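Hi,

Here is the structure I promised to pass on. Please have a look at it, and then read on for my notes.

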Amino acid sequence: MFSVDYDITYDPDGNYRFEGQIVAYGEPNMAYDVEISQILSPSDDKLESRLNPICESPSVRIRNNGSEPLTSCQFSYGIEGGATVTHEWTGNLAFLESVEVELPYDDPALFEGDDEELLVFEVEVNQPNGMLDEEPLNNKGSSRFHRVPTWSYSDLDDNRLIVWTKTNQVAWETSVELLDADGNVVWERGYPTANTTFKDTLSLNQGCYRFTINDIGDDGQSFWANSDGSGYTRLKKVAGGNFINFEPDFGKYISQAFFFQTNLVAVEEALPVSPSSMRLFPNPSDGVFQVSLGGFEEGQSLDWQCYDAMGRLVQSGLWRVDSRLLQTVDLSVLPAGTYALVCYDEQGQKLSGWVQKY
Ligand SMILES: [Ca+2]
Ligand SMILES: [Ca+2]
């Protein structure tokens, strides 16, 4: 005897049909059985298209089907025609638990080349806890995938990429970042002004990158069902033409990896890296929050703004950076709720965080 709550909302105007299956298991059949349950990347699978195609290392999900806790296993993997490499995973997975595993891979054949070509990634897992796997049939997996697009100027004689953003009414929700293939931040910024066009020209070295637009309102830059107005982000060439025009109705984030091809070498200063940080605590609190700022120059002045959950500016002020002192934000006069704190450093890079006032 058991009960099932499928957590559905009462709706007087509709009706729901629910069908379910209950699967019951006996005792585990094996002590040692690791399984490749999914290849997350590289993959052409539509469900994984937020992240694919990739510059980064492949990522798979494994599951422990053995009764013994899985503490290690061996991977062997590669793309067809590329290097085959091995990797040892260690961790701790109980029976039927699964985990995502990143598989280090640095053969540029993964991302450098024709993006029309259909490629195959193959992976095999073995030796759960150094033992013989008792069910080898589930140890292999393969995926079909396409490479990232290659973006370049004709003759490869330019290395500029323009980040062209028009903000909507709630500009502070949007931020953009450019990462290299190792996940290092090459460039990032937020947007201080609503309904404004921002153009940033970056100079890139040849390599694989990922550009991501984040939206802390989780409703993209343009969404028909809110009143935030419309905005967009494009990556453009210097003399007209887009490398990409991002879909602005993207929810929480949208991301594109690409291989940038050029003969030029970028001057290093052209790629500012922001080590600045903002930490808010205690959170939640009754209204007084401490702010710890990192990576700013002593004596620097910082404008900050606080927005309510509707995107309305409710407080603002000025911090003067002093590494020995914490900044304070006092929201005690405001109603309980969630607020966003936003500030920009001198390079226009945005730092933001949510605080909860009770
Ligand atoms: Ca197995
Ligand atoms: Ca938004």
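How many helices and how many strands does the protein chain have? There are 0 helices and 23 strands in the protein chain, where helices (H or I, at least four residues) and strands (E, at least two) are DSSP runs, numbered from the N terminus.

A word on conventions before the details. This is a predicted model, in which local features need pLDDT of at least 70 and side-chain atom pairs count only at pLDDT 80 or more, while totals for chains, interfaces and linings use all residues. Residues are numbered from 1 along each chain as its sequence is written, and chains are lettered from A and ligands numbered from 1 in the order in which they are written.

Now the overall picture. Along the principal axes, the C-alpha atoms of the protein chain fill a box of roughly 65 × 65 × 50 Å. Of the 358 residues in the protein chain, 31% are buried (20 or more other C-beta atoms within 10 Å of a residue's own; exposed means 12 or fewer, partly exposed in between, with C-beta atoms placed from the backbone).

The protein chain is divided into domain 1 (34–148), domain 2 (152–270) and domain 3 (277–357), with bounds from an automatic or database domain assignment. The centres of domain 1 and domain 2, taken over C-alpha atoms, are separated by 30 Å. Their contact takes 9 residues from domain 1 and 9 residues from domain 2; two residues are in contact if their C-beta atoms, placed from the backbone, lie within 7 Å.

At least three residues come from each of domain 1 (34–148) and domain 2 (152–270). Leaving aside its neighbours within four places in sequence, Val123 is in contact with Ile36, Ile39, Val60, Phe75, Tyr77, Leu103 and Gly141.

One has 3 strands in the order S17-S18-S21, with antiparallel pairing; strands pair if DSSP finds at least two bridges between them. Its edge strands are S17 (277–281) and S21. S17 and S18 (residues 288–294) pair over 5 bridges, and the bridge partner of Phe281 in S18 is Gln290.

The other has 4 strands in the order S20-S19-S22-S23, again with antiparallel pairing. The edge strands here are S20 (313–320) and S23 (350–357). S22 (residues 337–344) is joined to S23 by 8 bridges, and Val342 stands opposite Ser352 in S23.

Finally, Thr328, which is found in S21 (residues 327–330). Is Thr328 buried or exposed? Thr328 counts as exposed because it has 11 C-beta neighbours inside 10 Å. Beyond its neighbours within four places in sequence, Thr328 is in contact with Val288, Gln290 and Val291.
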